[in-house]
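Subject: Structure handover and notes

Hello,

Here is the structure for your work. My notes on what was found in it follow below.

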Amino acid sequence: MTILRYILAFVLIINAFAIKAQQEQSLHFLQNVWQSNLTNPGFVSDKKVQIMLPSLYFNVNSADFTVNELFKSNSEGKLTLSDVAGRVKPQNRMDAHVNIQTLGLSYTLNNKLSLSVYHAVNGNPSVDVNGDLVKLVANGNNQFLGKTVPFNSTLNGSIYGEIGIGAAYKILSNISLGARVKLLNGVASIFTEKNKLNVTFDQNDYSLKFENDFDVLAYSFSKYKNINGVNDLVRQGFGGSNKGMAFDVGATMKVGKINLAASIIDLGGSIKWHNDGKRYASNGTYTYSGTHSDDFFNVDSLNSNGFRDTLKNIIGFKESDNPSYNQKLRAKIYLSGTYQITEKVRLGALLYNENGGLSVSHTGFAVNATYQLLKQIQLGGTLGLRNGSFSNLGMHFVAQLGPVQLFGVTDNIISAFRPYDSKNANGRLGINIQL
């Protein structure tokens, strides 16, 4: 691999981070499952005691490609980087959100006041890869001779723990109000404030001219060198010296067979990052003329001192310690209504908006039908609007086995059977004990 490939691979790795949760629509309609309280803290449980055992939520979303579109084996049954490079689009974006709820407890007094506390760990990776950068790493620089090519790409990620302490109270027999404070522990993250990288490939002497303006902040990743699995990740979610706070507020009102609900989640949420951080930046125009010498640069690790020294000389790469950054969480708004048609059938609708932070606004709409198949089993389906079309068919189940409640919910059931051919896949699985 030439020095050029190392340099641009490094720039791809350090480019960018923003926290961006994904729409979770179907969970809102599981009103006999405590986790629906995460979408509206005004829901008052009719169960005296609930113990929330570990549960997992995941969401992977891409508007540009599916896994099979990029990584399917070729006609020879193999997959090479050149194969991937031939399939990429000009920009290739994928977002994900993982939530591990470790443990929680809810207690209801006189069917009026519900108190709850829980702990969870969140991860929010997001990538936006320039297709020409992939082609450069795969096939070298000859294809770009005589051209100036922008390679702006982002690789975003954040891990933080949260402790939620909430209360909901029925101020009238048909109206309840709720609120929750979230204490946040920032564990590790990367933020990109600028990510410009233009490269001119001279066709006469093969020199490179870099026009850079990138600024990347990275925090606490030194802690994760020895993480081997989910248990290590969860343990780190209880730590962290970068603190923050967020608030949830919600209300519900019942009018006959109609239930109305409104809530704002992560209101004013932010994390102040200032400990165990690094700033990586480059601004200006730099020229390098040694790309035809494969022996000029040989490195086994992107963390090596030799690699960092080379970057400093060639693209003006600079490091500084302990930068400060205020990370804003994206506020989420839920407006919903349900209608109890019969004792067993309920219909509902939801309007959802997510805004703030570093990304654009996301709006969604969903309609839901829930059926009480047996006393112990509830089934439901949701038709959701995402990315401008009603193409997401969600489903959920709730099984009540004595005091043990099992539940599963997804906003896209088709992806459960064909995950590698889907641009959107999400789901939540969990167990509660109800007493």
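Lys-182 and Asp-266 form a salt bridge in this predicted model, and their closest N and O atoms are 2.9 Å apart. This pair ties together distant parts of the chain, since Lys-182 belongs to strand β8 and Asp-266 to strand β11 (residues 258–273), 84 residues apart. Asp-266 has 7% relative accessibility and therefore counts as buried, the cut-off for that being under 20%. Lys-182 is also classed as buried, because its relative accessibility is 5%.

Asp-248 forms a salt bridge with Lys-182, with 3.1 Å between the closest N and O atoms. Here too distant parts of the chain are linked: Asp-248 sits in strand β10 (residues 242–255) and Lys-182 in strand β8 (residues 175–201), 66 residues apart. The relative accessible area of Asp-248 is 1%, so this residue is buried.

A further salt bridge to note is the one between Lys-278 and Glu-319, where the closest N and O atoms are 3.9 Å apart. Lys-278 lies in strand β12 (residues 277–288) and Glu-319 in strand β13 (residues 318–321); the two residues are 41 apart and link distant parts of the chain. Are these two residues buried, exposed or partly exposed? Lys-278 is partly exposed, with a relative accessible area of 30%. Glu-319 counts as partly exposed as well, at 28% relative accessibility.

In total, the structure holds ten salt bridges.

The other site I looked at is Asn-130.

- Position: Asn-130 is found in strand β5, which covers residues 126–130.
- Accessibility: the value for Asn-130 is 7% relative accessibility, so Asn-130 counts as buried.

Regards

Key
Residues are numbered from 1 along each chain as its sequence is written. This is a predicted model: local features need pLDDT of at least 70, side-chain atom pairs count only at pLDDT 80 or more; totals for chains, interfaces and linings use all residues. Side-chain values use heavy atoms; hydrogens and water are left out. Helices (H or I, at least four residues) and strands (E, at least two) are DSSP runs, numbered from the N terminus. Buried means under 20% relative accessible area, exposed over 50%, partly exposed in between (1.4 Å probe, protein chains only). A salt bridge is a side-chain nitrogen of Lys or Arg within 4 Å of a carboxyl oxygen of Asp or Glu.
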